Amino acid sequence: MGLLGVQYGSNLNVYNKIYIAGAGKIIIGNNFVFKSGDNINPICRNIKGSIYTMSKDAKIIIGDNVGISSACIWANSQILIGNNVNIGGDCLILDNDAHPHKFLERRTEYFKKIPREEYFKIIPSAPIEICDDVWIGARCQILKGVTIGERSIIGAGSIVTNDIPADCIAAGNPCKVIKRL
């Protein structure tokens with residue numbers, strides 16, 4: 001067990017400010033680098049990054065040799081990030097929709113009527129897997145239920161809503177394969 005209940009390996013490097021919170025499990029491998037805020041990476045526009053688990057069952061597992069710049073990683077289910085992954089500035093990796101789809105369930109009164117953990121269960125969620133050696137460009141959004149295959153590159157500003165196979169370059173909104181490597 002480490003700082004704030006986060007399990008982490010050797011050579012953890014967090015530059016500047018980061019928000020880490022939640023009731024779930026966060027495991028970080030060896031040689032992790034997280035750059036955040038105060039122009040550590042100018043692409044990030046001074047944004048503070050975050051790693052957040054919504055529920056006690058949520059998991060964020062990050063492999064070895066991973067570099068992240070001011071990203072928001074937010075799990076209600078599970079986010080797996082493989083080894084040797086680079087995640088560019090200001091990315092959003094979100095395995096859930098953040099709110100329920102039914103309008104009455106989004107109202108403050110409803111949230112106050114049920115236990116917090118029960119509320120999180122009605123929010124649509126699905127695991128994300130980012131496989132080994134993936135590079136995700138700046139300002140991408142990786143949304144619930146997707147897998148990004150080994151060694152693939154996601155172009156800057158892309159919105160990933162479907163699985164991306166291994167060994168390709170993919171980009172766009174929605175993100176699609178544009179070249180095989």
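Let's start with a cysteine: Cys-175 is buried, at 6% relative accessible area (buried means under 20%, exposed over 50%, partly exposed in between, with a 1.4 Å probe and protein chains only). Its sulfur lies 7.0 Å from the closest cysteine sulfur, in Cys-140, and that is too far for a bond. Cys-72 counts as partly exposed, because its relative accessibility is 21%. The disulfide count comes to zero, where a disulfide is a pair of cysteine sulfur atoms within 2.5 Å.

A word on the ground rules. This is a predicted model, so local features need pLDDT of at least 70 and side-chain atom pairs count only at pLDDT 80 or more, while totals for chains, interfaces and linings use all residues. Residues are numbered from 1 along each chain as its sequence is written, and side-chain values use heavy atoms, leaving out hydrogens and water.

Now step back to the whole chain. It has three helices and 20 strands (DSSP runs numbered from the N terminus: H or I of at least four residues for helices, E of at least two for strands). The radius of gyration is 16 Å, close to the 16 Å that the globule rule gives for 181 residues, so the chain is as compact as a globular protein of that length. That radius is taken over C-alpha atoms, and the rule is 2.2 Å times the number of residues to the power 0.38. Of the 181 residues, 39% count as buried.

What sits inside? The largest nonpolar core has 34 residues, and Ile-81, Ile-87, Ile-130, Ile-136, Ile-142, Ile-148 and Ile-154 have the most contacts inside it. Strands giving two or more residues to this core include β4 (25-28), β10 (78-81) and β19 (168-171). A core here is a set of buried Ala, Val, Leu, Ile, Met, Phe, Trp, Tyr and Cys residues joined through side-chain atoms within 4.5 Å. There is also a second, separate core of five residues, with Tyr-52, Met-54, Tyr-119 and Ile-123 among them.

Tyr-119 turns up again beside Glu-105, which touches Pro-100, Tyr-110, Tyr-119 and Ile-122, not counting residues up to four places away in sequence (contact means heavy atoms within 4.5 Å). Glu-105 belongs to helix α1 (residues 103-106). This glutamate is buried yet has no salt bridge; Lys-102, the nearest side chain of opposite charge, is 4.4 Å away. A salt bridge takes a side-chain nitrogen of Lys or Arg within 4 Å of a carboxyl oxygen of Asp or Glu.

Note on methods: Lys, Arg positive; Asp, Glu negative; His and termini not counted.
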